[in-house]
Amino acid sequence: MKKILLSAFALFAVMTAFADVEIGTAENVSPTLYASSDDANADGATAFSPTFCKGEIVTWTGGEDCWYSTGTSSVEINGTEVSFKKGAAGVNNPQIGTSIVNGTTTGLPDSGTYYQFKVTQNGYLYILGKFDTSKHYVAWEESNRIPYVFAGYDSKLKQVLTCDMSEKATLDANGYIDESFEIDTIWKYVGIERSETGSIEAGVVRIAVKADKTYTFCGTGTKVAISAYCFAPEEESVEITHSGNTLIDETVPTSSTEEGNGNDDNNVGNDDGNNDDSGNSEGGTTTTTSYECYFTADGPSSSFYTVNSGASYKSGSGITYNDESYSYYLLMESSTQISFTAPNDGSLTLVYGTDKSGYNIYLDDKTNTSNKYKGEAVTDDEGNTLYYVLTISITAGEHTLYKADAAALYYMCLSVTTGINAVSLQTTGNNIYYNLNGQRVSNPTKGIYILNGKKVLVK
């Protein structure tokens with residue numbers, strides 16, 4: 001495994017790319033960082049705003065009086081170890097006017113310990129460092145406060161802690177947090193009391209970023225030590241682990257393009273059979289976006305889906321689906337709800353294990369039996385059930401899944417398709433249905449099809 005280590009007196013530049021994922025640690029900082037807080041406080045010490053790292057995508061700078069921080073921890077980002085032995089911290093709390101106080105902020109800091117990140121692409125920025133359950137943290141896009149996701153590991157509690165601030169504050173149409181919102185402590189949102197633990201060994205704050213914007217991050221009324229950042233553009237994957245515990249494992253939804261050629265083994269658009277139907281597909285382009293989700297001991301892997309608090313995630317017998325293995329499942333019980341918003345029409349696939357006997361689900365209305373959908377068993381060559389698969393046609397908009405039977409849900413994926421109008425069909429005689437791949441369907445069941453050049457939903 002490749003290691004990234006920071007030297008004792010100067011932080012070497014480390015820029016590592018995984019596809020388009022960029023990792024940065026503090027380089028030979030200009031001007032040079034103080035070696036300790038005592039040096040920064042000494043008579044004659046000069047305040048400065050250092051540049052910690054200048055990458056191809058991200059430029060990381062800091063507030064005045066910064067100095068080297070020390071730590072014993074590390075994380076792995078996409079398999080590469082990033083050491084926390086050295087990092088960036090500061091002497092003074094971040095300041096604006098008179099103070100940034102605990103729980104509330106009135107604007108960007110103008111002195112003290114804070115960090116800024118200028119980015120040149122859209123994507124996610126992951127800020128890695130040491131955090132504390134007695135402190136509060138805040139992020140801005142330009143001068144607007146923005147929500148963030150936090151994940152960190154605490155060895156005292158032996159668990160990964162997670163918090164999504166977008167669920168705690170009212171956001172306006174631009175996704176900014178109301179200035180009147182008081183942060184309060186995020187730790188109560190992850191189910192711990194401040195007295196239970198102090199410093200978090202390794203923590204990650206994730207914020208969504210836009211090209212040519214500047215992002216500021218700091219503690220409120222406190223200093224925070226940052227060791228590295230990771231930037232991932234759209235459609236890339238990031239996995240961040242600490243001591244074998246997964247903090248972040250996600251992929252920005254990936255788009256794939258399929259070109260219809262109007263001529264395949266399924267007689268797409270060109271039928272010379274005996275049905276007296278003739279058709280011609282002129283081809284076209286469809287774009288499919290998939291929102292995948294599996295489960296860990298701490299919850300769903302994707303924030304696209306919202307599961308009710310108090311849901312049960314269990315280690316089960318496991319399944320292998322599409323060549324991927326999954327070991328944890330969400331127990332579908334009476335209180336379980338899974339909510340999501342489909343950006344377009346599409347299909348939702350659910351995969352259940354055999355840990356529970358159920359494999360049915362309610363969509364949107366659990367009092368209406370017509371909204372109950374049943375999965376089908378997938379078996380091996382000897383007839384043993386491997387898992388159950390259920391596919392439901394989904395319309396654009398908000399949806400909620402409810403338990404129909406006690407079931408072990410291991411995996412789910414929403415696939416939505418755009419660009420269907422690029423497929424042109426001419427028909428003569430009887431109407432002909434085509435699926436979203438352009439394949440002719442003689443007896444359409446529930447789902448979305450193309451009929452006479454238009455999308456139709458068969459119920």
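**Labels and their grounds**

Analyst: At 3% relative accessibility, Glu141 counts as buried. The model is a predicted one.

User: What makes 3% enough to call Glu141 buried?

Analyst: Buried means under 20% relative accessible area. Glu141 has 3%, so the label buried applies. The residue sits in strand S12, residues 137-141.

User: Why is the pair of Glu141 and Tyr176 called a polar contact?

Analyst: The two side chains make the contact at 2.5 Å. The cut-off for such a pair of N or O atoms is within 3.5 Å, so 2.5 Å qualifies.

User: Which residues does Glu141 touch, leaving aside neighbours within four places in sequence?

Analyst: Glu141 is in contact with Ile146, Tyr176, Lys210, Lys213, Thr214 and Tyr215.

User: Why is the pairing of Lys210 with Glu141 called a salt bridge?

Analyst: The closest N and O atoms are 3.7 Å apart. The limit is within 4 Å, for a side-chain nitrogen of Lys or Arg and a carboxyl oxygen of Asp or Glu. The Lys210 and Glu141 pair therefore meets the criterion. Lys210 lies in the loop between S16 and strand S17 (213-219) and Glu141 in strand S12, so the bridge ties together parts that are 69 residues apart in sequence.

User: Is Lys210 buried, partly exposed or exposed, and what decides that?

Analyst: Lys210 has 38% relative accessibility. Buried is under 20% and exposed is over 50%, with partly exposed in between. Lys210 is therefore partly exposed.

User: How many salt bridges does a search of the whole structure find?

Analyst: It finds two. Besides the Lys210 and Glu141 pair, Glu250 forms a salt bridge with Arg206.

User: What makes Glu250 and Arg206 a salt bridge?

Analyst: Their closest N and O atoms are 2.8 Å apart. The limit is within 4 Å, so the pair passes. Glu250 is in strand S20 (residues 245-251) and Arg206 in strand S16, 44 residues apart; the pair links distant parts of the chain. Both residues are buried.

User: How do you know that Pro147 is buried?

Analyst: Its relative accessible area is 18%. The cut-off is under 20%, so Pro147 is buried. Pro147 lies in the loop between strand S13 (144-146) and strand S14 (149-154).

User: What surrounds Pro147, beyond its neighbours within four places in sequence?

Analyst: Pro147 is in contact with Met165, Ser166, Leu171, Gly175, Ile177 and Ile207.

User: Why is strand S11 described as mostly covered?

Analyst: Eight of the ten residues in S11 (residues 123-132) are buried.

User: How do you know that S11 pairs with S16 and with S18?

Analyst: Pairing needs at least two bridges. S11 and S16 (residues 199-209) have nine, in the antiparallel sense, so they pair. Asp132 stands opposite Ser199 in S16. S11 and S18 (residues 225-233) have eight, also antiparallel, so they pair too. In S18, Cys230 is the bridge partner of Tyr126.

User: What makes S25 and S31 edge strands?

Analyst: Five strands form an open antiparallel sheet in the order S25-S28-S34-S30-S31. S25 (306-307) and S31 (372-374) each have a single partner strand, so one side of each is left without a neighbour in the sheet.

Terms used: Residues are numbered from 1 along each chain as its sequence is written. This is a predicted model: local features need pLDDT of at least 70, side-chain atom pairs count only at pLDDT 80 or more; totals for chains, interfaces and linings use all residues. Side-chain values use heavy atoms; hydrogens and water are left out. Helices (H or I, at least four residues) and strands (E, at least two) are DSSP runs, numbered from the N terminus. Buried means under 20% relative accessible area, exposed over 50%, partly exposed in between (1.4 Å probe, protein chains only). Contact means heavy atoms within 4.5 Å. A polar contact is a pair of N or O atoms within 3.5 Å; within protein, one must be able to donate a hydrogen and the other to accept it, and residues adjacent in sequence count only if both atoms are side-chain atoms.
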